[in-house]
Amino acid sequence: MLQVETIANIQMELNPHRTPSPAPDFLSREATGPVRHLHESLKQYAPTPLVELNGLAKRLGVAAICVKDESKRFGLNAFKGLGGVYALCRSVCESLGLDHHTVTMEQLQRPENREKISKMTFVTTTDGNHGKGISWAAGLLGAKSYVYMPRGSVEARAQAIRDAGSAEVTITDLSYDDAVRYAAKMAEEKGWTLIQDTSWPGYETAPRWIIQGYTTMVYEAMDQLELLGYRRPTHVFLQAGVGAMAGGVTGALCCTYGKDRPKIAVVEPEEVACIFESLRQDDGKEHKAIGSEITIMAGLNCAEPCQLTWPILRDNTDFAFACPDAVSARGMRVLAAPAGGDRPVVSGESGAVTAGLLSLLLEREELRPFRDKLGLDENSVVLLFNTEGDTDPQGYRHVVYDGAHPLMF
Ligand SMILES: Cc1ncc(COP(=O)(O)O)c(C=O)c1O
């Protein structure tokens, strides 16, 4: 068992398995070329902004804080469509015998393909953003889709999924992980295609495509950082639900920078921290999170790690954090009003936890031991991913306007 250090309700682990394993080739810039080719063929495609928060960096005492703002992705208010649209199109290519290296959205939408695709049905489970991506992508291609949501999902998110594309959406009374099993069962019974953003033994093909899909945001960010004059980030903070996004981004960072890669910190809600728990148990295997599974960070409310990305995180994550909801709420407010002339970033509960944590690490004296272990100082160039905007607008206002979930330390 790893020793966990807790300061001011924030738990941190130092991962002893930082023995960078061979970079996962399927996430390299070369291997993911077809992903960017497909993304760039979409009418809705434009690189999302990399927002440099110079005022905040100055105030907090680091060289740079750059936020990749995925709330601007494809008009979907979250990064997740990157994985959904790529996996869905790739699955269609396999069914229709099209070359996935060269395929474009325009080609898929040609009448001869559309006719065949209109007979296909896709299914998934989501706590919001992934389902929106699947509904949207299926809608673009004229396919049917069914999206299941776990108990407690807010109606605004269900409606946003319907509005994005073709999906019939059901809020179930199941936990997220049980709803995933339900979607898999429905796919099996009805002959639908499951496009799920996590993997388990025997179900790896679509998740691998999804994870490859996420890499577009990190390769864009690397190019944008270079244009701003930064050779590479020194620190990257990644929020995790099942860890597919964090693992995909970590894999791409390892493929690009090798031994010179930045320090990587995975950040989760304390009540459902499965990567944190898996590292804590220290037996090399993935473990279910322990905790109430109650958090405002709906997109991160997943208790079972993605099996495809777990080994990448186990071998390459430097630090893992488990944070109370108040850290995410603080991040939403920090990004809404950063500092001295910085451009505000609208960030929802699952998008903002890393900014909340970073601001606390750099600002609060009691957290200095964590800051020192991370090696955060005046030379640090920090990269964050704002993975969603205000996907629950009422919840967003509750936190940002009304100051809900205040820090208790
Ligand atoms: C906004 C947001 N951020 C981060 C994540 C985490 O992604 P993963 O489940 O791959 O860890 C999600 C997942 O749904 C999400 O919706």
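Residues are numbered from 1 along each chain as its sequence is written. In this predicted model, local features need pLDDT of at least 70, side-chain atom pairs count only at pLDDT 80 or more, and totals for chains, interfaces and linings use all residues.

User: Which helix gives the largest share of the shell around the ligand?

Analyst: The ligand is surrounded by 22 residues, and Gly-241, Ala-244, Gly-299, Thr-387 and Glu-388 are the closest. A residue is near a molecule if its C-beta atom, placed from the backbone, lies within 6 Å of it. Two elements give two or more residues to this shell, helix 6 (129–141) and helix 10 (244–257); helices (H or I, at least four residues) and strands (E, at least two) are DSSP runs, numbered from the N terminus. The largest share, three residues, comes from helix 10.

User: Is strand 6 largely enclosed by the rest of the structure or exposed, and why?

Analyst: A residue is buried if 20 or more other C-beta atoms lie within 10 Å of its own, exposed if 12 or fewer, and partly exposed in between, with C-beta atoms placed from the backbone. Strand 6 covers residues 144–149, and five of its six residues are buried. Strand 6 is therefore largely enclosed by the rest of the structure.

User: Which residue in strand 7 stands opposite Met-149?

Analyst: Two strands pair if DSSP finds at least two bridges between them. Strand 6 and strand 7 (residues 167–171) are joined in the parallel sense by five bridges. In that pairing, the residue opposite Met-149 is Ile-171.

User: What is the hand of the β-α-β unit made by strand 5, helix 6 and strand 6?

Analyst: Strand 5 (residues 121–125) pairs with strand 6 in the parallel sense over five bridges, and Thr-124 stands opposite Val-147. A crossover is right-handed if, with the strands pointing away from the viewer, the path from the first strand over the helix to the second runs clockwise. The unit of strand 5, helix 6 and strand 6 is right-handed.

User: Where is Asp-282, and is this residue buried or partly exposed?

Analyst: Phi of Asp-282 is near 60°, a positive value in a residue other than glycine. Most residues other than glycine have a negative phi. Asp-282 sits in the loop between helix 11 (274–281) and helix 12 (310–316). With 15 other C-beta atoms within 10 Å, Asp-282 is partly exposed.

User: How many other C-beta atoms lie within 10 Å of Glu-293?

Analyst: Glu-293 lies in the loop between helix 11 and helix 12, and its phi is near 60°. Glu-293 is partly exposed, because the number of other C-beta atoms within 10 Å is 17.
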